[in-house]
Amino acid sequence: QDAKVSILGNGDKIKIENRFFFKNLIDFDFRFDLIENGESVKSELMSFNIKPQEFIIIDNPFKDFSFDPFAEYFVNAYGISKGKEPLVSSGEILISDQMFYKRSEYSLRSTNNGKRLKISSNKVNLKVSNNLVSLVFDKENGSLVSYNFNDNEFIESSPYTNFWRASIDNDYGNNLPLRSVEWKTASNSRQLENIQTNKINANLIEIIINYKLNNIDSKNKITYTINSKGVLKVKNDFFYGGNLNDAQIPRFGMNFTIPKQYSEVLWYGRGPHENYIDRKSSAFVGLYKGLVEDLGFDYSRPQENGYRTDVRWLKVSNKDKIGFEIKGEPFISFSAHYNTIEDFDDGLIAQKPGEILAVRQRLAKMQRKPVDVPKREFISLNVDLKQMGVGGDNSWGARTLPKYTIFAGNYSYKFTIVPFD
């Protein structure tokens, strides 16, 4: 941008920098919005006489605002044309910046005073339940096969640890689908070690699922902690013990499917358009809503799409406003589609016995179009710690910058699911 607005120090001062070489910023009106938990609560309109390559520092117009200690605050700044630009009408936004201002000092905690939980078990399933909520686990593989709250089922297929994304064009350019294929295998091949049950108290039970990921010589522990109000805390710990060479992790998170009627999405994070850790500065943190069918992006060739980062929380609900909220601790990233990751992923060409194919011969880009990917009868939901950046310095070999890459190692994150009806 040809102008930069930034917050200084403790937030009481704001710097406006004119990066133009010949234009004065007097040609713009500047609107400042105070954003409280994703919504604008106050605005100020100003104008500045700043010569090219110069800057000024002003008082933050919101420094005397009565702040809510339970809220998070940003300041959004917009440079609005006064109509003196060629081919640009008055009122068009040509400059924009978002600045973090204040984080919440306190957090609200929910009560846990429901009817006591009980544990029951047979040869097939392990169940934790009371009159309001039930969780059912498959004892053979550790899968969470049911999460039912007040007779509303939230699970179509179990959450599982996912390291993979549908390869994008830039991934093909640097051979990531082949270099990192072991992470795809690890996502779909795990061996249950054991299931542990801990009754913390009458209203709080912990289920720990331990897996071995044999192809990468690693372990994965998923901890589900359920309370008597139906609130489910999920913690995912990955312990890397492998020795992969030049195999970056496309993402670290969890994927599960939910019934298709939970199609309304509200989130507090970056948006409204898709964004990635190296493509997010234009996606301001805010409060956004949409339908699952509108969250994706139809690239000319199906691939990874529709991601949102720096998400504090998201809610999915049906037309009757029944659903659940997922709260990051502190942040998550997410995507939701009527398609699986595999639907968007072209995969690799298999080698026949005794055959040795060159790298480029194994990379299969099927050149499909979005119309070739039929919608499923469920919603695939990714709830991640993070996904590697999309790169793009070029598309014929350049890799994602190191600071946006996920290297092999130990990772852990957690989130909380809160049902509502």
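Select Ser-134 and find Asn-148 in β11, its bridge partner. Strands here are DSSP E runs of at least two residues, and helices are H or I runs of at least four, both numbered from the N terminus. This is a predicted model, in which local features need pLDDT of at least 70, side-chain atom pairs count only at pLDDT 80 or more, and totals for chains, interfaces and linings use all residues. Residues are numbered from 1 along each chain as its sequence is written, and side-chain values use heavy atoms, without hydrogens and water.

Next, show β10 (residues 133–138) and β11 (residues 144–149). They run antiparallel, joined by five bridges. Pairing requires at least two DSSP bridges between two strands.

Now pick Leu-232. Beyond its neighbours within four places in sequence, its contacts (heavy atoms within 4.5 Å) include Leu-135, Leu-144, Tyr-147 and Phe-415.

Leu-232 and Phe-415 also belong to the largest nonpolar core, of 66 residues, and are among those touching the most other members, as is Trp-183. Such a core is a set of buried Ala, Val, Leu, Ile, Met, Phe, Trp, Tyr and Cys residues joined through side-chain atoms within 4.5 Å. Buried means under 20% relative accessible area, with a 1.4 Å probe and protein chains only. Jump to Phe-32, Leu-34, Ile-95 and Met-99 for part of a second, separate core of 21 residues.

Finish at helix α3 (residues 181–188). Its buried residues are Trp-183, Ala-186 and Ser-187. Viewed down the axis of α3, they fall within an arc of 105 degrees, so they line one face of the helix. That arc is taken from the directions from the helix axis to the C-beta atoms. Their cover includes β13 (157–162), β15 (204–213) and β17 (232–239).

Terms used
Buried means under 20% relative accessible area, exposed over 50%, partly exposed in between (1.4 Å probe, protein chains only).
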